[in-house]
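Subject: Structure handover

Dear colleague,

Please find below the structure for your own work. My findings follow directly after it.

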Amino acid sequence: MTAPSDPSRDRALPFTPGADLRHTAPSEFFLPFLLGVFVIFTAWLGIVNQQEGRIAQIWLPNPVLYVVLMRTSWGRWPVYLGVATSANFLADLLAGDSPWLAAGLTFANISEVVLAVAPLKRWFSEGLALT
C-alpha cells in the first residue's frame, strides 16, 4: 500500500525533481513545446528575412511570449522562459550567428519581455481587461 501523495507535490512544475507526472495535464507539456516550436520558427524567419543590417522588420516571438507570461502564473514562468530562451538561442545559431552573438541577442530579447511583463503582472495581478 502506498502512502497518500502530498498535494503540494502534485501541483509541482512537471520539470522539477519529485513532481508527480501522473496527474499532470497534457497542456503542461504541450503548451511549452508549442511555444518553443513557434519561437524557433518565427525567430529564424525574422532573422533570414532581413532587408538591411541586423534589424528584423517584424519580430513575433517577443509579443507572443509577452501574452503567454501575462496569462500564466508566476510559478510557470521558469518553464516558458527556459523554453523561449533555448528556442531563441537555437534560432540564432541556425541562422548562422556565432554562439556569443546568439547569446547576446537572446539575452536582449528575453530581458525585454521580462522587463515589460513583470511590472504589469505585478500591478494587475487580477488580470488586465483590455475591453
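This is a predicted model: local features need pLDDT of at least 70, side-chain atom pairs count only at pLDDT 80 or more; totals for chains, interfaces and linings use all residues.

Over the chain the mean pLDDT is 78, with 71% of residues reaching 70 or more.

The largest nonpolar core comprises 13 residues, and Leu35, Leu65, Leu69, Leu81 and Val117 have the most contacts inside it. At least two residues of this core come from each of α2 (27–48), α3, α4 (77–94) and α5. The greatest contribution is that of α4, with 5 residues.

Helix α3 (residues 61–70) deserves a separate note. Its buried residues are Pro61, Asn62, Leu65, Leu69 and Met70. These lie on the same side of α3, because they cover an arc of only 160° around the axis. Leaving aside residues up to four places away in sequence, Leu69 touches Trp77, Tyr80, Leu81, Val113, Val117 and Lys121.

Finally, the packing of α3 and α5: their axes come within 10 Å and cross at roughly 35°, and the crossing is right-handed. On the α3 side the contact is made by Asn62, Leu65, Tyr66, Leu69 and Met70. From α5, the residues taking part are Asn109, Ile110, Glu112, Val113, Ala116, Val117, Leu120 and Lys121.

With kind regards

Technical notes. Residues are numbered from 1 along each chain as its sequence is written. Side-chain values use heavy atoms; hydrogens and water are left out. pLDDT is the predictor's confidence in each residue, from 0 to 100. Buried means under 20% relative accessible area, exposed over 50%, partly exposed in between (1.4 Å probe, protein chains only). Helices (H or I, at least four residues) and strands (E, at least two) are DSSP runs, numbered from the N terminus. The arc is that of the directions from the helix axis to the C-beta atoms. A nonpolar core is a set of buried Ala, Val, Leu, Ile, Met, Phe, Trp, Tyr and Cys residues joined through side-chain atoms within 4.5 Å. Contact means heavy atoms within 4.5 Å. Axes are lines fitted to C-alpha atoms, for helices over the stretch in contact, and angles run from 0 to 180 degrees between N-to-C directions. A crossing is left-handed if the near helix is turned anticlockwise from the far one by less than a right angle, and right-handed if clockwise.
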